[in-house]
Amino acid sequence: MLNTKIKRVLPGFNLDVELSLEHELMVILGPSGAGKTMTLQCIAGLTKPSEGYIELGGKVLFDSATGINLPPQKRRVGFVFQNYALFPHMTINENIAYSIRHLPKPEKLDKVSWLLDMMNIGALSGRYPRQLSAGQQQRVAIARALAPDPEVLLFDEPFSALDSQLRERLELELLELQRAYNGSMLLVTHDLAEGYKLGTRVAIYHAGRIAQCDTRQNVFSSPADRTVARLTGVRNLMNGEISRVEPSCVFVQIPAWGLELKALSPSGKELSIGHLVTVGIRPEYVQITHAGNAENVVKSSVLQAVEGITNITYRFKMDSDQQEQHLLNASCPKTNDAMLQDGEPCNLYLPPEHLIVIPETTTTAEM
């Protein structure tokens, strides 16, 4: 188990995070400059926290109170860097063997051979990094990180430089590796789809803090606040007020639109009439409908339509919203119906089961 509670104070930026990691793949998700990579560097011993502690498998790696600060080579932490950081003057064999060079030669050769086979790069053993593709370099970097049998593997945006097809293939390989690897894995990314696909748990970073850390299902379906909702792709957020409460649902008045929306009651959140909330819905769940004056149907017109390969991205203005306070974004799959044109009127259905209701607090100011 990895337990981390650290602070790192820099001019204009403070990192203050607490993480616990079991035998799982946890994803750290957030925008650039939120402190994601700095967290990995502190765990690996490449950056010294200002205060706090880091414990791995019952062994203290860092403790500001007692002055403990183990060097990277004594931490049993594997690090896969964003740019892979392979030694250009060494062959693939030599790169992988570097961190276990202290082992007897027969044991070292066996370990390197096993890692080459596991990562499907046996045919590349005599080549140099410059002779490899980006995907091949990444496999070598992972093999090198695994060589000393680390208790935790850290990945710093490992797929950011890869094309989409190679990224998808290596994501699947990483999931296979997680099943075979007997340790913990911590992966940094800013890609929402990648984070959801890979992480059993997700930590959302914002401005050096963890805004929410939970299972991926809870983080994406029940964001803790408006900030987390935005960072996890909820592009449609409306100010509202609870107008009615029923056993399994709530009704929210949206002042900007002059209408009421029905939503399922959010689990674990007590709401009452008059409670100020934020209502959100992902663009993928907004539906174009032929229904008229029905529940959760709003009249709108198209502001913009952009055609993609499989989807059409729309921006809608609500007819009742004269000040254009809340535009709606929708991502609709292509059908045989004609694409809506700019200015065309239409009705939108917001399914109650896909509406997210977030109680407003003093810390959830709109970004």
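Me: Which residue stands opposite L2 in β4?
Reply: Strands are DSSP runs of E with at least two residues and helices are runs of H or I with at least four, numbered from the N terminus. Strand β1 (residues 2-10) pairs with strand β4 (residues 51-56) in the antiparallel sense over six bridges, where pairing requires that DSSP finds at least two bridges between two strands. Opposite L2 stands L56.

Me: Before we go on, what kind of model is this?
Reply: Residues are numbered from 1 along each chain as its sequence is written, and side-chain values use heavy atoms, with hydrogens and water left out. Local features need pLDDT of at least 70, side-chain atom pairs count only at pLDDT 80 or more, and totals for chains, interfaces and linings use all residues; this is a predicted model.

Me: Which strands are at the edges of the five-stranded open sheet?
Reply: The strands follow the order β2-β1-β4-β5-β6, with antiparallel pairing. An edge strand here pairs on one side only, and that describes β2 (13-21) and β6 (68-69).

Me: Are the rings of Y196 and F220 stacked or edge-to-face?
Reply: Rings of Phe, Tyr and Trp (its six-membered ring) pair if their centres lie within 6.5 Å, with planes under 30 degrees apart called stacked, over 60 edge-to-face and the rest tilted. This rule gives four aromatic pairs. For Y196 and F220, the centres are 5.0 Å apart and the planes stand at 85 degrees, so the pair is edge-to-face.

Me: Is F220 buried or exposed?
Reply: Let's start with the cut-offs: buried means under 20% relative accessible area, exposed over 50% and partly exposed in between (1.4 Å probe, protein chains only). Y196 has a relative accessible area of 34% and is partly exposed. F220, at 10%, is buried.

Me: How far apart in sequence are the parts tied together by R76 and E151?
Reply: A salt bridge is a side-chain nitrogen of Lys or Arg within 4 Å of a carboxyl oxygen of Asp or Glu, and twelve are counted. R76 and E151 form one at 3.5 Å, N to O. R76 is in the loop between β6 and β7 (77-80) and E151 in the loop between α4 (134-146) and β8 (152-156), so the tied parts have a sequence separation of 75 residues.

Me: Which residue forms a salt bridge with K262?
Reply: K262 is in strand β14 (residues 259-264), and its partner is in the loop between β16 (287-289) and β17 (297-307), 33 residues apart. K262 is partly exposed, with a relative accessible area of 24%. The closest N and O atoms are 4.0 Å apart, and the partner is E295.

Me: How far is the backbone oxygen of A291 from a polar atom of the N347 side chain?
Reply: N347 lies in strand β20 (residues 345-349) and is buried, with a relative accessible area of 14%. Contact means heavy atoms within 4.5 Å, and the contacts of N347 beyond four places in sequence include H290, A291 and G292. From the backbone oxygen of A291 to that polar atom of N347, the distance is 2.6 Å.

Conventions. A polar contact is a pair of N or O atoms within 3.5 Å; within protein, one must be able to donate a hydrogen and the other to accept it, and residues adjacent in sequence count only if both atoms are side-chain atoms.
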